[in-house]
Structure formats: C-alpha cells, structure tokens
Amino acid sequence: MAAEHRFALQVIIPSHLVGQVQSKLAYVDEAIEAAQIAPDGDSVQLQLRSSLSAKVLSALEAKVQQVVADMASGALPPKVEILEDHMARPVPYATDPMPELLARAEVSREHTGIYSLGPLVTRLIEVFERYFVRLAAEFEAAPQRFPTLISAEKLDRVKYFRAFPHSLTFATHLREDLHVINDFAEHTHYEETGLNAPPEAFSKIQALLSPAVCYHYYFALADRPLPGGQLTATAVGHCFRYESSNLNTLERLWDFTMREIIFVGPADFVLENRERGRQKVAAYLEQIGLAYLVESANDPFFVGEFRKQAAFQNAFQLKYEIRARLPFKDSSLAVGSYNYHQDFFGRHLNITLPDGKPAHTGCVAFGLERLAYAFLSQYGLEPAAWPALVREALHG
Ligand code: 5GP
Ligand code: ZN
C-alpha cells in the first residue's frame, strides 16, 4: 500500500539548488515513487510505493539526508550570468500542449520516457533541423553520422561513469551459450516491471546507448594530432539519459534527439566559435518568436561530483543554456546549450594541436523534442497562429 513520509532536512537547500537536488531524489531508493522538496528547502515529502517499517524508513531518510548534505552543504550561490533575456517576448498561447498533442496522436507514449511523434511535430522539428543544417554550413562544419551505441571503454576514458552514473543506459545481449539462449527463448516474458530473464543470462557491458553526440567525434579524433589544427563538425543523433521518475511529457525523455555543432582546436578558436554560434542563434530565435533567456548553467553531475564540478563550470563559464519559457507552468526548459570543455577531451583522449598541447573542444547543442515542445507551449498547435517564418517553412 502506498504511503507518504515527510521529514525535516538537516541541511537547508538553498533556492538555487532545489530543482537540482529534487531531480536526484528520484535515484535515492527504489521505494520512492516521487519526492517533493518544500519551496523553502527545509523539508521533503516522499511518496512511497508501499508502507515501510520504521527501521527501513529511517535508513531511507538517512540516504536522502546524505544526498542533500553532499549537494547543498556549504554551497555558495553561483554567479548567474544572463547573456540574453527575451522571456517577456509576447507569445499567444498559455495552455499545456501535452493533452492536445496526445489527443491528436501527435505524441504517443510507447513507454515511460519513450515517445513517438506525429506529422505536425515531425515537420516542426524538420523546420528547426533545416535551420541548424544551414547554420552548420555557415561554419563550414563537416557533416558526420554517429552510432546510437557508444563504447564503454571510451566513456570510461573520459570519466563519464564518475560524472553521470545515474543516467546511463546500458546495451547488452545474451551470452553466447546455447542453454542460455534456448532458456531465454522459451521462458522470457514481460512481467509487471520488466523481463523475467535472470541477470546471468546477459553479457558483460561493452556498449551503452549514447548520452551525447559530440563524444563520438572526440573518440574518432583520439590518439593522434588534430588534422589541420582545428576542425568543425555537425551531426544529429539519438541520445539516452535515464531520468527515473523525472520522465514525463516531452520535457524529459529517456530517448531524445540532439543536433550539435562541434568545434575542436585551440582555446580561442573554440571560444570564438561558441560565441559566434550564440549570436547567430539569437537572431534565429528572434525570427521564430521564441520567449527565452540564455544563462550560465551546469551539467547534472551525480551527487558525489556535483558540488565541485558545478562550481568549476560556473567559475570558468563553461556552460550556458538556452531556456525557453513554458507559459502554462510559468517556468522554463533548457532547449539548447553552449558548451566549452577546455582541454578535457584533448587531454583524456590524447588529441594534440600542432604545438603538441591537447586540443580544446566545445559544442552548440539543441534538444529537438524540447525545442518543439517549448515552441508549441508558446504558440499552440494551430500553424495559423505561428510566426510566418515557421509556418512558411513547414512544407519544406
Ligand atoms: P546538454 O548536453 O546541455 O545536457 O543537453 C543539450 C540539450 O539536449 C539540452 O539543452 C536539452 O534541450 C536536450 N536534453 C538534455 N536532456 C534531455 C532530456 O532528458 N530530454 C529531452 N527531451 N531533451 C534533453
Ligand atoms: Zn556536445
């Protein structure tokens, strides 16, 4: 039987961290169905899948206290830098588009976090994609195609498992063993929460589903001098981030698509192009009438790495997000990001510049489903009400 449990926090969560701590609570324990931090950051309300003994409950509470302490104790408010603010741009729509999208089969839920998209949303994403391809051409970016799977060995090399363990999605297969395969074929069914096959039937993990696009490019350049000393590339690809109970609507998907423009070279080359990209994109977002802002941000590092890495990204201005307004809930959603990784990938992957130093990297990345969702949240599902540029581009 489901139960609720509310308790006070030993460390009060400062307001700038409430959202980020909240999203981590989904990973604390399988018994937690949902967790809600009070707006002033001093207590947590848990919805539990079943009622628990006092002992189990106190162990669970200790885990939550630990997460909060690790992420929030002594955390200084970040220096929030707002590079563009067009949040007040007038938009005609203020309704949650999700019920209408589902009703029209423009969005169909296949499973938690896994959605199919219908013709209107697909065409809208194609409008954005045509623009991104033109934008990439202005940078003379080389087109690339990357696999959906990604090498576990290479992800390990760039310390991905330390930084984002919670959102990994693993690819496996049955072990090469006649008995195991026959047994699977005969007995496997989907039960209430998943396949009933025993874990021993599966191979060791060699590949995962890719969490990002640009990593593939850095892997392709590894262990050699960077050809020509600087490179620009572009690709679109499926990305996978397991978001646990945070997976709902098109705001967070387990499987989403990302378009990236990627820069590899000396620091000034990467930084200048990231900035050039931002200015070009700002002009486009104005043309399509999007209400948004661009502000400093950090990646969603897991608990142990969070404080240090988030502070580092903030101090060195490594990440800015394009946050589009969601008028129906008076909040915003990251639809893209401008990233600079310094020489992190160059060092770990041994990509060298002509002077022998490691290459720097950066990328401009757009979440296509989120961009469409944010646009539809601001303009609704009737193209007649859309800005002319988008409406006219709908049919190619
Ligand atoms: P980043 O590399 O900055 O984490 O991700 C780049 C972009 O991908 C984000 O700005 C966002 O638009 C998109 N993205 C990241 N995570 C998710 C997710 O869970 N669901 C969806 N739909 N898009 C995401
Ligand atoms: Zn990237």
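## Polar contacts of ligand 1

An oxygen atom of ligand 1 sits 3.3 Å from a side-chain N or O atom of E243. The model is predicted. Two further contacts involve the protein backbone. L253 places a polar backbone atom 3.0 Å from a nitrogen atom of ligand 1. A334 has a backbone N or O atom 3.0 Å from an oxygen atom of the ligand.

The protein buries 92% of the 500 Å² that ligand 1 exposes when taken alone.

## The shell around ligand 1

The shell holds 16 residues. Those that come nearest are R241, L253, K319, A334 and S337.

By class, seven shell residues are nonpolar, three are polar and six are charged.

Which strands each supply at least two residues of the shell? They are β15 (255-265), β18 (331-340) and β20 (360-367). β18 gives the most, with four residues.

## The second largest pocket

How does the lining divide by class? It has 15 nonpolar, seven polar and four charged residues.

Note on methods: Residues are numbered from 1 along each chain as its sequence is written. Chains are lettered from A and ligands numbered from 1 in the order in which they are written. This is a predicted model: local features need pLDDT of at least 70, side-chain atom pairs count only at pLDDT 80 or more; totals for chains, interfaces and linings use all residues. Side-chain values use heavy atoms; hydrogens and water are left out. A residue is near a molecule or strand if one of its heavy atoms lies within 4 Å of it. A polar contact is a pair of N or O atoms within 3.5 Å; within protein, one must be able to donate a hydrogen and the other to accept it, and residues adjacent in sequence count only if both atoms are side-chain atoms. Accessible areas come from the Shrake-Rupley method with a 1.4 Å probe; for residues, only the protein chains shown count as cover. Ala, Val, Leu, Ile, Met, Phe, Trp, Tyr, Cys and Pro count as nonpolar, Asp, Glu, Lys and Arg as charged, and the others, Gly among them, as polar.
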